[in-house]
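Welcome, and please open the model in your viewer. We will go from stop to stop, selecting a few residues at a time.

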Amino acid sequence: MSLESVLRELGKEIQADPRFKALQEAAAANDADAELQAQMQELQLISLKYQQEAAKAEEADQEAIEKLQGEYQEIYNKIMAGENMLKYSAAASEMEEMAQYISGMIGLFFDGQDPATCELPPADACTHDCCTCGGCH
């Protein structure tokens, strides 16, 4: 079996995983959420206005910039607190954990560890090899 065929099999397994399906469903729900889409458009508009004002450099109206920053933050908070976005964020977080696991395992393989028996150290374990570090405690 070639490396490419094994990678394609991995891709099939990833896409068959319930975490992948949950992310796809959450993304579709976000796309279908008219209120969320309107908020996203509003956020983009505020961002453009901010960039235009900030591009004026020394002539920029600082009050306008602060107002735009406040509006941006308010809409961003609404977006992130929405039910669909909360579900999407949770699903994306689980997919990120999967990606980190896959990446960590591949790193072990590249280090020459036995693919049949190697395991990632716990996130809070200190191996005295900083490349495996999850942060000091």
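A word on helices before the first stop: helices (H or I, at least four residues) and strands (E, at least two) are DSSP runs, numbered from the N terminus. This is a predicted model, in which local features need pLDDT of at least 70 and side-chain atom pairs count only at pLDDT 80 or more, while totals for chains, interfaces and linings use all residues. Residues are numbered from 1 along each chain as its sequence is written, and side-chain values use heavy atoms, with hydrogens and water left out.

**Stop 1: a pair in H1**

Select Glu4 and Arg8. They sit 4 residues apart in helix H1 (residues 3–16), so about one helical turn separates them. A salt bridge joins the two, with the closest N and O atoms 2.7 Å apart. The term stands for a side-chain nitrogen of Lys or Arg within 4 Å of a carboxyl oxygen of Asp or Glu. Side chains of opposite charge can pair when their charged atoms come close.

Buried means under 20% relative accessible area, exposed over 50%, and partly exposed in between (1.4 Å probe, protein chains only). Glu4 is partly exposed at 48%, and Arg8 is exposed at 54%.

**Stop 2: further salt bridges**

How many salt bridges does a search of the whole structure find? There are 7. For another one, select Glu74 and Lys78, whose side chains meet at 3.7 Å, N to O. Both lie in helix H4, 4 residues apart, or about one turn of the helix. Glu74 is partly exposed at 45%, and Lys78 is partly exposed at 46%.

Then move to Glu83 and Lys87, where a salt bridge has its closest N and O atoms 3.3 Å apart. These two are also 4 residues apart, this time in helix H5 (residues 83–110), about one helical turn from each other. Glu83 is exposed, with 57% relative accessibility.

**Stop 3: along H3**

Which residues of H3 are buried? Colour Leu36, Gln39, Leu43, Ile46 and Glu53 to see them. Looking down the axis of H3, you will find these buried residues within an arc of 105°, so they line one face of the helix. The arc is taken from the directions from the helix axis to the C-beta atoms. On the other side of H3, Ala34, Gln41, Gln44 and Gln52 are exposed.

The buried residues of H3 pack against helix H2 (18–32), H4 and H5; contact here means heavy atoms within 4.5 Å. Zoom in on Gln39, which is buried at 14%. Apart from neighbours within four places in sequence, Gln39 is in contact with Ile75, Lys78 and Ile79.

At the N-terminal end of H3, select Asp33. Asp33 caps this end, with a side-chain oxygen 3.1 Å from the backbone nitrogen of Glu35. A polar contact of this sort is a pair of N or O atoms within 3.5 Å; within protein, one must be able to donate a hydrogen and the other to accept it, and residues adjacent in sequence count only if both atoms are side-chain atoms.

**Stop 4**

Next, click on Asn30 in helix H2. Asn30 is buried, with a relative accessible area of 6%. Beyond neighbours within four places in sequence, its contacts are Leu36, Gln37, Asn84, Met85 and Tyr88.

**Stop 5: a loop and a tail**

Select Ala57 in the loop between H3 and H4. Most residues other than glycine have a negative phi. Ala57 has a positive phi of about 55° although it is not a glycine, and it is exposed at 52%.

Finish at Glu119, in the segment after H5. Glu119 is exposed at 64%. Draw a distance from Glu119 to Gly104: they are 15 residues apart in sequence and 9.2 Å apart in space, C-alpha to C-alpha.
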